Amino acid sequence: AGATAAAPRHETLAALREGYQHFDPRAYLQNNYLPPRADFSSEEFVVPWKLRCLAETFASGEIHGRTLIDVGSGPTIYQLLSACDHFEEIVATDYLAVNREELGRWVRGEPGTFDWSPFIQHVCKIEGRGEPWQEKERRLRDRLSRILPIDVHRPDPLGAPLRPPADALLSAFCLEAVSPDRAAFARALAHVGSLLRPGGHALLLGALGESFYLAGAARLPVVPLAEDDVRTALTGAGFALRDFRSYAMPPALRTGVDDVDGVFFAHAQK
């Protein structure tokens with residue numbers, strides 16, 4: 001019944017994959033990680049909200065270990081800034097070679113990559129340890145040891161199990177953006193959950209009520225999720241929900257690059 005109530009969704013997995021061949025990392029970064037969305041002057045803006053969710057969750061000291069896997073990293077590193085202090089190794093992953101290359105260039109410190117320094121400075125400020133931001137940048141580059149291809153629609157998303165399994169999993173704005181419907185979203189969540197050890201923690205950031213976003217010439221479909229869809233999918237994938245927060249996108253940040261209603265943050269434990 002749920003499927004008939006929503007707008008008809010004709011995207012197949014094959015069509016989604018084809019659309020992503022036109023994904024432009026630079027356009028995506030410009031649309032989402034420059035002002036107005038990445039405005040650090042106020043906590044009312046979406047990027048500071050996302051960074052605070054992660055900073056507060058890692059500040060508890062409960063989530064740590066050897067390996068954290070970031071599922072569907074895209075061309076971004078902001079989601080790893082608080083995490084990098086608590087793990088020896090961070091494994092970034094993405095389906096697209098262009099995104100893996102963009103991340104590799106940043107890790108190597110090549111000129112002309114996206115300037116993440118305002119994000120790093122902001123995270124250092126809210127974490128309040130008085131650390132020079134260059135130290136955090138260096139630590140993340142050191143710990144971001146692997147950048148792997150991934151396909152969340154395969155039961156074995158990396159093609160082979162992660163050995164040893166990850167102690168924590170992070171995924172930001174990936175699963176809902178690569179799934180044709182809610183059932184595929186729930187299956188993808190279960191697939192990536194298999195990369196995590198029992199008792200391991202999963203942190204998810206994602207879009208609520210979004211049906212598309214732009215990344216250059218690409219107009220990419222998104223499965224519109226309600227909060228309950230996320231909770232149900234987490235439970236179905238064998239997770240216990242520990243924390244759930246949501247953010248309503250203010251009119252000033254509805255810039256036409258997507259039709260997102262809000263953002264969710266979920267902390268769950270396997």
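Residues are classed by relative accessible area as buried (under 20%), exposed (over 50%) or partly exposed in between, with a 1.4 Å probe and protein chains only. Helices (H or I, at least four residues) and strands (E, at least two) are DSSP runs, numbered from the N terminus. The model is predicted, with local features requiring pLDDT of at least 70 and side-chain atom pairs counted only at pLDDT 80 or more, while totals for chains, interfaces and linings use all residues. Residues are numbered from 1 along each chain as its sequence is written, and side-chain values use heavy atoms, with hydrogens and water left out.

Helix H9 spans residues 227-236, and its buried residues are Val230, Ala233 and Leu234. Viewed down the axis of H9, these buried residues fall within an arc of 100° and therefore line one face of the helix; the arc is taken over the directions from the helix axis to the C-beta atoms. The face turned away from the buried side of H9 carries the exposed residues Asp228, Thr232, Thr235 and Gly236. The cover over the buried residues of H9 includes helix H8 (182-193) and the strands S5 (196-208), S8 (240-248) and S9 (262-269). Gly238 follows H9 and has a positive phi, near 90°.

The "binding site" annotation of the unreviewed UniProt entry covers Tyr28, Tyr33, Gly72, Ser73, Tyr78, Asp94, Asn99, Asp151 and Val152. These positions are spread over 125 residues of sequence and are also spread in space, up to 24.5 Å between C-alpha atoms. From this set, Tyr28, Tyr33, Gly72, Ser73, Tyr78, Asp94, Asn99, Asp151 and Val152 belong to the lining of the largest cavity. A cavity is a set of points, on a 1 Å grid over the protein atoms alone, where a 1.4 Å probe fits but cannot get out; lining residues have an atom within 4 Å of a point. UniProt positions follow the numbering used here, feature names are shortened, and annotations may be inferred rather than shown by experiment.

Ser73 lies in the loop between strand S1 (65-70) and strand S2 (87-94). Ser73 counts as buried because its relative accessibility is 3%. With residues up to four places away in sequence left out, Ser73 is in contact (heavy atoms within 4.5 Å) with Gln79, Ala92, Thr93, Asp94 and Leu103. The side chains of Ser73 and Asp70 form a polar contact of 2.7 Å. A polar contact is a pair of N or O atoms within 3.5 Å; within protein, one must be able to donate a hydrogen and the other to accept it, and residues adjacent in sequence count only if both atoms are side-chain atoms.

Tyr78 is also found in the loop between S1 and S2, and it is buried at 2% relative accessibility. A polar contact of 3.0 Å links its side chain to that of Tyr33.

How values were computed
On a 1 Å grid over the protein atoms alone, a cavity is a set of points where a 1.4 Å probe fits but cannot get out, and a pocket is an open set with protein on both sides within 12 Å along at least five of seven lines; lining residues have an atom within 4 Å of a point.
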